[in-house]
Amino acid sequence: MKILVINSGSSSIKYRLFDMTAGTVLASGVLEQIGETQSRLTHQTRNARGEMDEIVKTDAVADHQAGFQLIGAVLGESGALQDTKELSGIGHRVVHGGEEFKEPTRINAAVIDTIRRLSPLAPLHNPANLLGIEVAMQSAPQVPQIAVFDTAFHQSIPIHAFRYAIPQDLYEAHHVRRYGFHGTSHDYVAKQAATLMGRPLNALNLITLHLGNGASAAAIKGGKSIDTSMGMTPLEGLIMGTRCGDIDPAIIFYLKRKTGLARDEVESILNQDSGLKGICGVNDMRQIEELARSGNSQAQLAIEMVCYRIKKYIGAYYAVLGRLDALVFTAGIGEKSPLIRAGACRGLSHLGIEIDPEKNNQKSKKAFEIQTRGSTVKVLVIPTNEELEIAEQTVACIESRRGPNA
Ligand code: ADP
């Protein structure tokens with residue numbers, strides 16, 4: 001059973017082809033700089049020895065339509081997929097599903113209209129996701145296509161946690177509320193945590209920390225998200241690569257008054273020039289750790305601030321959950337930075353959270369535990385796999401339609 005997962009951006013298409021029966025990745029790649037004079041396709045195909053062979057193509061690709069054709073041709077040449085008829089489904093990552101989409105959804109004209117209507121909530125993402133959906137629907141009309149939303153997992157958050165304390169009519173007329181993002185990742189690592197712990201997910205209280213360029217925390221009770229740090233947009237919450245996370249909203253008006261900056265300029269500063277980059281000039285955690293080791297005080301401060309913010313959310317979500325079974329670190333920084341994991345958990349032994357330095361320093365591509373023997377809360381490092389989660393949700397959505405009452 002072959003499933004293609006597509007993550008379409010405004011100038012890029014990421015894709016991964018799964019054989020869901022064998023549980024393997026057949027091919028994957030990313031096409032970047034669509035619409036520019038030179039585009040770049042990096043494609044990997046699994047060879048007979050099970051290793052991934054890589055090719056790079058640098059032809060100009062005018063638009064998403066041409067991009068999808070190029071990806072189809074490369075999948076064909078590499079032998080991974082001769083014809084789209086071999087596909088059982090295509091799963092599309094869609095960033096914003098608003099309050100309309102609470103689960104993966106089979107795409108039709110009405111669904112496309114709704115995703116488009118939700119674009120003001122995610123102006124950079126939803127239109128780009130739609131470009132991928134539309135070309136895939138045209139190129140493979142016979143293949144069931146499923147939209148998997150970043151926001152859907154957080155639709156279980158109760159109203160007292162998703163409403164902001166602003167006038168109700170602004171919520172009703174303009175949909176101003178917390179939605180949360182990284183849902184497929186939080187969902188995936190929560191399920192993996194249950195498997196690793198050998199306990200049913202519906203009996204577990206978890207805090208999951210997705211720490212990549214974008215970062216968010218989630219409180220998960222019995223497999224359901226009950227709160228998350230990103231809000232109406234991905235700007236709220238933890239300190240990120242270039243996003244500020246939580247700030248006093250009055251700062252925006254103050255800055256406009258003081259500097260004369262336009263609204264769009266302030267928005268761009270908070271999204272693209274803040275976070276780690278704003279504090280120390282660099283947004284890549286590997287570089288920041290190196291700078292900090294060499295004595296750079298701004299880099300040291302950035303690390304301290306990131307860890308402090310994560311710690312505050314751990315405390316808040318611990319209180320909300322009442323009992324905590326496991327804390328889960330995932331994504332680039334969560335999976336690979338012992339320094340940030342240690343910093344975020346430092347001084348939390350009174351909450352039963354204690355990290356063993358030796359276990360924390362290990363390097364592994366698989367999931368591992370890093371708590372001490374005395375820690376009552378398990379602390380887990382679990383590699384995320386959003387593409388696999390999208391592929392699995394795509395299969396589940398297709399199969400639910402094939403049931404006797406479909
Ligand atoms: P994205 O949100 O773009 O998917 P990733 O999940 O790949 O991001 O995470 C990117 C972040 O992970 C970057 O800040 C990068 O520096 C950091 N990172 C990757 N490897 C390491 C490492 N070995 N040590 C510390 N940070 C790392």
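What is the volume of the largest cavity? The largest cavity has a volume of about 80 Å³. The model is predicted, and local features need pLDDT of at least 70, side-chain atom pairs count only at pLDDT 80 or more, and totals for chains, interfaces and linings use all residues. Residues are numbered from 1 along each chain as its sequence is written, and side-chain values use heavy atoms, with hydrogens and water left out.

View 1. The structure holds 1 cavity of 30 Å³ or more (a cavity is a set of points, on a 1 Å grid over the protein atoms alone, where a 1.4 Å probe fits but cannot get out; lining residues have an atom within 4 Å of a point). A volume is the space filled by probe spheres set on the points, which are joined across faces, edges and corners. Of the 13 lining residues, Leu 211, Ala 215, Ile 239, Val 306 and Ile 333 lie nearest the centre. The lining comprises 11 nonpolar, 2 polar and no charged residues (nonpolar: Ala, Val, Leu, Ile, Met, Phe, Trp, Tyr, Cys and Pro; charged: Asp, Glu, Lys and Arg; polar: the others, Gly among them).

**View 2. The second largest pocket.** This pocket holds about 290 Å³ of space (a pocket is an open set of points with protein on both sides within 12 Å along at least five of seven lines). Its lining counts 16 residues, with Lys 102, Glu 103, Ala 152, Phe 153 and Asp 187 nearest its centre. Helix α6 gives the most to this lining, with 3 residues (helices, H or I, of at least four residues and strands, E, of at least two are DSSP runs numbered from the N terminus). By class, 5 lining residues are nonpolar, 7 polar and 4 charged.

**View 3. The open sheet of 6 strands.** The strand order is β11-β10-β9-β12-β14-β13, with mixed pairing (two strands pair if DSSP finds at least two bridges between them). The edge strands, β11 and β13 (368–369), each pair on one side only. Strands β12 (residues 326–330) and β14 (residues 378–381) run parallel and are joined by 4 bridges; Val 328 has Leu 380 in β14 as its bridge partner.

**View 4. Strand β2 and its two hairpins.** Strand β2 (residues 13–19) is largely enclosed by the rest of the structure, because 5 of its 7 residues are buried (under 20% relative accessible area, 1.4 Å probe, protein chains only). A hairpin through 4 residues joins β1 to β2, and Ser 8 stands opposite Ile 13 in β2. In β3, the bridge partner of Ile 13 is Leu 31. The hairpin of β2 and β3 also has 4 residues between its strands, and Gly 23 in the turn has a positive phi of about 70 degrees.

Notes. Buried < 20%, exposed > 50% of the residue type's maximum accessible area, 1.4 Å probe, protein only.
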